[in-house]
Amino acid sequence: MPGERLTARDTSDVGRFPGASPPTRVELSIQKEGEKKQEESACCRWFRKMCPCCCERQNSTSYDVTDRVELVKPPKPPAPIPDHDGSKPANGDSKEMEVVKLSVSSVDLLSSKTGRNRQEHHTDLYHGDELIVRRGQPFQIELEFNRPFSADSDKLHLDLRTGPLPLVSKGTHVIIPRVDDLDDKSWGAKIAEQSGNKARLSVNSPANAVIGLYGLTVTSGSLKEESPSTYTCSKNIVLLFNPWCIEDAVFLDDEEERKEYVLNDTGRIYYGTEKQIGARTWNFGQFQEGILEACLFILERSDIPPSGRGDPVNVVRVLSAMINFQDDFGVLIGNWSGNYSNGVSPAAWSSSVEILRKYHSSHGMPVSYGQCWVFSGVTTSVLRCLGIPTRSVTNFQSAHDTDVSLTNDVYFDENLEPIDYLNSDSVWNFHVWNDCWMARPDLPDGHGGWQAIDSTPQETSQGTFRCGPASVTAIRSGQVYLKHDTPFVFAEVNSDKIYWQRNLDGTFTQFRIEKKVVGHCISTKAVGSDERADITHLYKHQEGSEEERIAVETASRYGSKPDVYSVPLAEDVTVEVKMEGEGPRMGADAHLSIVVKNWSSQPRRTTLHSQVAVMYYTGVVKSTIKKEQMPVELSPHEEKTIEWVLPYHEYQNQLVDQAALMLTLSGRVNETKQVLANQSTFRLRTPNLNILPLGKAVVGQEMGAKIIFTNPLPRTLKDVVFRVEGLGLQKGHEVVVGDVSGHSTVTLTEHFIPTQPGARKLVASLDCKQLTQVHGVADIVVLEQ
């Protein structure tokens, strides 16, 4: 704000004109809404230019700032290498100096639990002093050479290898180059500090890197040498998923939830009946001695290739199979017989630690015995250990659908006697599975977030006893056509029980439907306490509501009995969402149009249920911010447009990066029972930065550019920072502006000297917590001098 000090950080290259001292002056003015900008006379401008120190502007709303200029000096020639006796060659000695070949003497992974790496990567709770880090986040290592490293004459790179056959093309052999600046989206190693023969490297991994155990080698040498030296580190590096990194598919936006679903090593698992809910404490123990090694061992034994371990969808799907014994000699043997003489009774376990240690120490001999809560407890341990947010979930009155009908069927003969060989479906008093958190780029937007997986061997999926990950959002809405295994989980929580009687001709007829018998009191441990949290509303709409019945009937159409519910008499009503122009703007009410059309010659009536949710760019829904119902009556062949509005005050404090929203519509036509459904995603458009070049663009001659931004919000933007860069124009730097009040206009003037001719682009972006995705570009053609 006016009166505050503006700071700018920049180190501009002089380029081909080392005699010039390129000014990197930054002029900034912030004009509030309604204020008039004072014009400066030509005389004042001339006098201020001739003597800037004597003629500073006194305007309260704008000011000039000249930032610090740092010139990049040419590097000093390397010090002479001492002779073997320690003496230096005399000045003028024409004898070529002997160059000592660079090699690595030692590598320190800085892996102490109390050190910077483990603390910053939230891995200090793991047992031992291995280097355990999370992807998408830099970590430090320290190298000691036989002599000082020279960036001008020496070369250096790192190699990381994982899996039995590391390949660069598969991402399992990573060649990490030395770089001047780290890039968030790629591997790189930057020298962060150098003292004598030691150099501290900052190493960055991309947020989609393969997780697992890596071996490290360091290759060094002279730029002129053909045979570099290689040093193999005696310790390995473990790379995990990173729920703290916004670019990682498992990113979780709430610190308290990260503490609960990643860092908490104990929990509660619920059992019993819906009227008599019991709770038992379970030790997940993901940080205990030997557990990380056991989890990596399970990954190695699975059929997922190392190259597939960067995708959490693949990882949890494979692990849901590996936790049970069937198919792949996994961790636990299931036993529901009541005879546990050759092992441990499932009810006797209270911890995953002994189970995982036993499996690992026996080189993969399955442990006896498990039932659903044991399978779930071990799954929570393994996934939390690897960095995937996970919780154990209990469903009371849990249906087991055996024929993909998405119903729970009970068959009777002509005399209403049960037909036992047909009655394979069942309803369990309770069943325990897991939710894990991740984005789902393989599904339509809005289906990320909690995903159901189940390690208890009940039914096969693609020939293997596994289940999930199934989007909980898809389960709730009956979108059972979305992978993986969504129909099975949907039936567990929201199937109807249908009673059938055999006719004399051998066919069957429905004679009763029970609609509220499965999927009750779905429970998990609450965040930050030992209380039970009921999450039934995440898995299904309110029992008996129109939305819930629509979900059931939508799902049934994709099952093995698609006609179990009445087929709509007609499907002659359509609904779609339209937006005007480029769509709603940030800072104003969002307006959309819902168009409902009756294509028939008969009147139609329906009630549209709408809800709008805030969504991350990954497709993960953060929260629902508005719900409403809209009755619609249509005459024959009538089309109605309903103006839908989301007021600014309802979303102003809810948005996340990208400002994306999803509008979901559903309904049922009264006369025909047709189901209506529509999902539309849109974003609130942010303003662009206006960049206006000033003066002629000529190599070696000063020019300027004016960057103009108007705050579109009626609220103050806090801690605003501009980032400006132009290849061949000026180096990238930051300009810290500070607070910008509502609807104020900021004008930033950059002064620089182009160093390269041709078509160039000056790009700028604005960064602040309240407003993202604000940027601009100017095309500048630079002429030769």
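Q: What makes D739 partly exposed?
A: D739 has a relative accessible area of 23%. Buried means under 20%, exposed means over 50%, and partly exposed lies in between (1.4 Å probe, protein chains only). So D739 counts as partly exposed. This is a predicted model, where local features need pLDDT of at least 70, side-chain atom pairs count only at pLDDT 80 or more, and totals for chains, interfaces and linings use all residues. Residues are numbered from 1 along each chain as its sequence is written, and side-chain values use heavy atoms, with hydrogens and water left out.

Q: Why is the contact of K718 with D739 called a salt bridge?
A: A salt bridge needs a side-chain nitrogen of Lys or Arg within 4 Å of a carboxyl oxygen of Asp or Glu. The closest N and O atoms of K718 and D739 are 3.7 Å apart, so the pair meets the rule. K718 lies in strand β38 (residues 717-726) and D739 in strand β39 (residues 730-740), so the pair ties together parts that are 21 residues apart in sequence. Strands (E, at least two residues) and helices (H or I, at least four) are DSSP runs, numbered from the N terminus. K718 is partly exposed, at 42%.

Q: How many salt bridges does this rule give?
A: The count is 32. D403, D409 and K561 are linked in a network of them.

Q: How do you know that R116 and E120 form a salt bridge?
A: Their side chains meet at 3.1 Å, N to O. Both sit in helix α2 (residues 116-120), four residues apart, which means a separation of about one helical turn. E120 is partly exposed, because its relative accessibility is 37%.

Q: What makes K259 and E256 a salt bridge?
A: The closest N and O atoms are 3.5 Å apart. Both residues lie in helix α3 (residues 255-263), three residues apart, about one turn of the helix. K259 has 41% relative accessibility, so it counts as partly exposed. E256, at 43%, is also partly exposed.

Q: Why can such side chains pair at all?
A: Side chains of opposite charge can pair when their charged atoms come close.

Q: What makes a space a cavity, and how many are there?
A: On a 1 Å grid over the protein atoms alone, a cavity is a set of points where a 1.4 Å probe fits but cannot get out. Four cavities of 30 Å³ or more are found.

Q: Which residues line the second largest cavity?
A: Lining residues have an atom within 4 Å of a point. Among them are E260, R268, F284 and K525. Strand β14 gives the largest share, three residues. The lining divides into two nonpolar, four polar and five charged residues. Asp, Glu, Lys and Arg count as charged; Ala, Val, Leu, Ile, Met, Phe, Trp, Tyr, Cys and Pro as nonpolar; the others, Gly among them, as polar.

Q: How do you know that β20 and β21 pair?
A: Two strands pair if DSSP finds at least two bridges between them. Strand β20 (residues 426-438) and β21 share five, in the antiparallel sense.

Q: Why is strand β21 called mostly covered?
A: Five of the five residues in β21 (residues 449-453) are buried.

Methods: 1 Å grid on protein atoms, 1.4 Å probe; cavity = no way out; pocket = protein on both sides within 12 Å on 5 of 7 lines; lining within 4 Å. Points joined across faces, edges and corners; volume = space filled by probe spheres on them.
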